Amino acid sequence: MQKEGLHLLRFVESSRAFDNNCKLKLALFLSGIKPATYVHLKITDNLHDKHEFERLLRLNGFPFEVSRPKGFEEIVGINGSKVVWRFKGTWHGYDLFQSRKQQAQFHEYVSLIRQRNHRKADVLGGKLYGYPSCCVQAFIKRHDLKKLAKYSYYEFYNMLHDMDRVFPFIAHTPCSAKCRQTILLNANYKALVKKNAPVFFKEYSGRRVHRVNLIIDAENDIGAWKKKDGFDYSVITDKPVEGHYLVVSWLSRKQYERGTVLSATLTLQYDYALVKPGRVVRVIKDLHHERKFSG
Ligand SMILES: [Zn+2]
């Protein structure tokens with residue numbers, strides 16, 4: 001990596017403008033292994049980060065495109081039965097490219113999506129973002145929701161969670177938990193991030209355990225299943241954890257009423273959260289969200 005490239009990576013590692021997921025994508029893109037990437041840059045009181053990021057991108061000769069600002073909210077409290085959200089700041093989406101060639105391919109990709117030519121778009125998108133072709137083909141097939149009927153609810157969501165746990169360094173959905181290409185890619189990405197972004201690597205791979213209360217919110221359900229044998233819930237911590245109220249996805253065999261508060265052990269590592277449920281503490285009747293603003 002060139003000296004200025006390193007400078008850019010150090011900036012990304014230390015900036016509050018990027019979440020872990022975006023830092024990971026940037027570390028891989030700046031290591032030269034991803035032809036293109038897409039990240040969010042968040043601004044609260046750190047507007048200078050936007051200028052610095054763009055200055056360093058130009059200095060390194062990476063073509064980029066930036067979206068107009070959009071607002072974002074965060075949970076600031078649980079007040080009775082209300083989950084209270086407040087406007088926190090703005091974010092910009094950045095498409096980054098190694099060179100003009102990838103930028104031209106990206107424009108082709110966007111126009112294929114506009115023409116609803118999803119199959120061709122997914123193939124080109126997979127190439128741009130460095131996804132294995134076996135996984136891209138599996139992803140295209142999965143567009144067809146009827147194919148989900150071969151899974152039970154629990155099997156399907158458990159598979160998604162498993163893949164998150166097994167492959168914390170990749171951004172695509174693997175064709176299977178045994179996909180050889182993905183196993184190699186995950187190991188390769190891990191080694192690159194460890195070498196090129198050691199500060200971020202340490203933060204990202206560190207395991208943190210918290211004793212918390214979790215509030216059961218909405219249930220995810222996208223398909224027609226062979227069998228409805230599980231419940232994938234969004235759960236919310238009832239207090240800030242590491243500075244934020246967290247919303248995580250948890251697959252349960254047991255059904256809970258919305259608003260149920262459970263004691264739990266929450267293990268955070270990489271970009272996932274493991275939930276070990278304890279006892280039911282209470283039930284919040286009529287749990288609902290109060291959002292003043294949607295961005
Ligand atoms: Zn695959």
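A residue is called buried if 20 or more other C-beta atoms lie within 10 Å of its own, exposed if 12 or fewer, and partly exposed in between, with C-beta atoms placed from the backbone. E242 is exposed by that criterion, with 9 other C-beta atoms within 10 Å.

Before I continue, two remarks on the source. This is a predicted model, in which local features need pLDDT of at least 70 and side-chain atom pairs count only at pLDDT 80 or more, while totals for chains, interfaces and linings use all residues. Residues are numbered from 1 along each chain as its sequence is written.

To return to E242: this residue is found in the loop between β6 and β7. Helices (H or I, at least four residues) and strands (E, at least two) are DSSP runs, numbered from the N terminus. E242 has a positive phi of about 55 degrees, although it is not a glycine. R116 likewise has a positive phi, near 60 degrees, in a residue other than glycine. R116 sits in the loop between α4 (100-114) and α5 (118-129), and with 8 C-beta neighbours inside 10 Å it counts as exposed.

Let me turn to the sheet that contains β6 and β7. In what order do its five strands lie? The order is β7-β6-β5-β8-β9, in an open sheet with antiparallel pairing; two strands pair if DSSP finds at least two bridges between them. The edges are taken by β7 (247-252) and β9 (272-283), each with a single partner strand, so one side of each is left without a neighbour in the sheet. On average, neighbouring strands here are turned by 40 degrees against each other, direction ignored. Axes are lines fitted to C-alpha atoms, for helices over the stretch in contact, and angles run from 0 to 180 degrees between N-to-C directions. Between β8 (residues 260-269) and β9 there are nine bridges in the antiparallel sense, and L266 has V275 in β9 as its bridge partner. Helix α7 (residues 153-166) lies across β6 (231-237), β7 and β9, and runs at about 130 degrees to β7. Contact between two residues requires their C-beta atoms, placed from the backbone, to lie within 7 Å.

The next element is β4 (residues 82-97), which has several partners. Strand β3 (residues 70-79) is joined to β4 by nine antiparallel bridges, with G71 opposite T90 and I78 paired with V83. These two strands form a hairpin with two residues between them, and G80 in the turn has a positive phi of about 65 degrees. Strand β1 (residues 36-43) runs antiparallel to β4 and is joined to it by eight bridges, K42 being partnered by W91. The antiparallel pairing of β2 with β4 comprises three bridges, including that of V66 with Y94. What is the direction of the pairing between β4 and strand β10 (residues 288-290)? These two strands run parallel, joined by three bridges, and K82 stands opposite H288.

I come now to the helices. For α3 (residues 47-59), the 13 residues should span 18 Å at 1.5 Å a residue, and the end C-alpha atoms are 19 Å apart, which agrees. The expected span is 1.5 Å times one less than the number of residues. N60 lies in the loop between α3 and β2 (64-66) and is partly exposed, with 16 other C-beta atoms within 10 Å. G61, which follows α3, has a positive phi near 70 degrees.

In helix α9 (residues 198-205), F200, F201 and Y204 are buried. Seen down the axis of α9, the buried residues fall within an arc of 105 degrees, so they line one face of the helix; the arc is that of the directions from the helix axis to the C-beta atoms. The face turned away from them carries the exposed residues P198, V199, K202 and E203.

Finally, the nonpolar cores. Such a core is a set of buried Ala, Val, Leu, Ile, Met, Phe, Trp, Tyr and Cys residues joined through C-beta atoms within 7 Å. The largest has 39 residues, and those with the most contacts inside it are L26, A27, L41 and V193. Helix α2 (residues 20-30) gives the most to this core, with six residues. Leaving aside residues up to four places away in sequence, L26 touches V12, F18, T37 and V39. A second, separate core of 16 residues includes I75, L214, A264 and L287.
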